[in-house]
Amino acid sequence: MTRGRPKHYENMNQDEREAYWQRERKARNMREQEAFNMLSEDQQKAIILAKEVITDFVQEWTESFDIYNVETPRKMQQAFWAFQNHFDIEEK
């Protein structure tokens with residue numbers, strides 16, 4: 001995993017820079033997908049649910065600074081309990 005730009009980045013032309021970042025992005029996406037695939041099915045579902053509800057919340061809040069869909073708070077609670085039940089992340 002590369003952190004930041006390579007030392008020779010300043011000497012690259014635009015096409016080389018784009019190719020470099022595309023390779024980095026592809027490698028990162030592959031690592032993330034491999035890690036996601038190692039999770040249990042319930043953990044994967046919890047993450048997917050959390051992503052969906054956070055997306056809904058941010059969209060509603062950004063548009064009107066209000067939660068107008070009554071399902072959003074309910075989904076947030078479901079996502080919370082999914083994380084609580086399927087991930088052992090207790091504060092130390």
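The model is predicted, with a mean pLDDT of 83 for the protein chain. The chain is built from 3 helices and 0 strands. Its radius of gyration is 19 Å, whereas a compact globule of 92 residues would have one near 12 Å.

**Confidence**

- In the protein chain, 92% of the residues reach a pLDDT of 70 or more.
- Helix 1, residues 14-38, has the highest mean pLDDT among the elements, at 91.
- Helix 3, residues 71-86, has the lowest mean pLDDT among the elements, at 84.

**Overall fold**

- Read from the N terminus, the order of elements in the protein chain is α-α-α.
- The C-alpha trace spans about 55 × 35 × 25 Å along its principal axes.
- Of the contacts in the protein chain with a separation of 6 or more, 31% are accounted for by residues 24 or more positions apart.

**Surface and charge**

- Buried residues make up 16% of the 92 residues in the protein chain.
- The protein chain has an accessible surface of about 8,000 Å², and carbon and sulfur atoms hold 52% of that surface.
- There are 14 positive and 18 negative side chains in the protein chain.
- The centres of the positive and negative sets lie 8 Å apart.

**Phe36, in helix 1**

- Phe36 has its place in helix 1.
- Phe36 counts as partly exposed because its relative accessibility is 23%, and the partly exposed class begins where the buried class, under 20%, ends.
- Leaving out residues up to four places away in sequence, Phe36 touches Gln44, Ile47 and Ile48.
- One of these, Ile47, is 11 residues from Phe36 in sequence, and the C-alpha atoms of the two are 9.2 Å apart.

**Leu39, between helix 1 and helix 2**

- Leu39 belongs to the loop that lies between helix 1 and helix 2.
- With a relative accessible area of 24%, Leu39 is partly exposed.
- Not counting residues up to four places away in sequence, Leu39 touches Gln44, Ile47 and Phe87.
- Leu39 and Arg25 are 14 residues apart along the chain, and 22 Å separates their C-alpha atoms.

**Gln43, in helix 2**

- Gln43 is found in helix 2, which covers residues 41-64.
- Gln43 is buried because its relative accessible area is 17%, and the buried class takes in values under 20%.
- When residues up to four places away in sequence are not counted, Gln43 touches His86 and Phe87.

**Ala50, in helix 2**

- Ala50 also has its place in helix 2.
- The relative accessible area of Ala50 is 10%, so Ala50 is buried.
- Apart from neighbours within four places in sequence, Ala50 is in contact with Ala79 and Phe83.
- Ala50 and Met76 are 26 residues apart in sequence, with their C-alpha atoms 7.2 Å apart in space.

Notes: Residues are numbered from 1 along each chain as its sequence is written. This is a predicted model: local features need pLDDT of at least 70, side-chain atom pairs count only at pLDDT 80 or more; totals for chains, interfaces and linings use all residues. Side-chain values use heavy atoms; hydrogens and water are left out. Helices (H or I, at least four residues) and strands (E, at least two) are DSSP runs, numbered from the N terminus. The radius of gyration is taken over C-alpha atoms; the globule rule is 2.2 Å times the number of residues to the power 0.38. Buried means under 20% relative accessible area, exposed over 50%, partly exposed in between (1.4 Å probe, protein chains only). Contact means heavy atoms within 4.5 Å. Accessible areas come from the Shrake-Rupley method with a 1.4 Å probe; for residues, only the protein chains shown count as cover. Lys and Arg count as positive and Asp and Glu as negative; His and the chain ends are not counted. The place of a charge is taken as NZ of Lys, CZ of Arg, CG of Asp or CD of Glu. pLDDT is the predictor's confidence in each residue, from 0 to 100.
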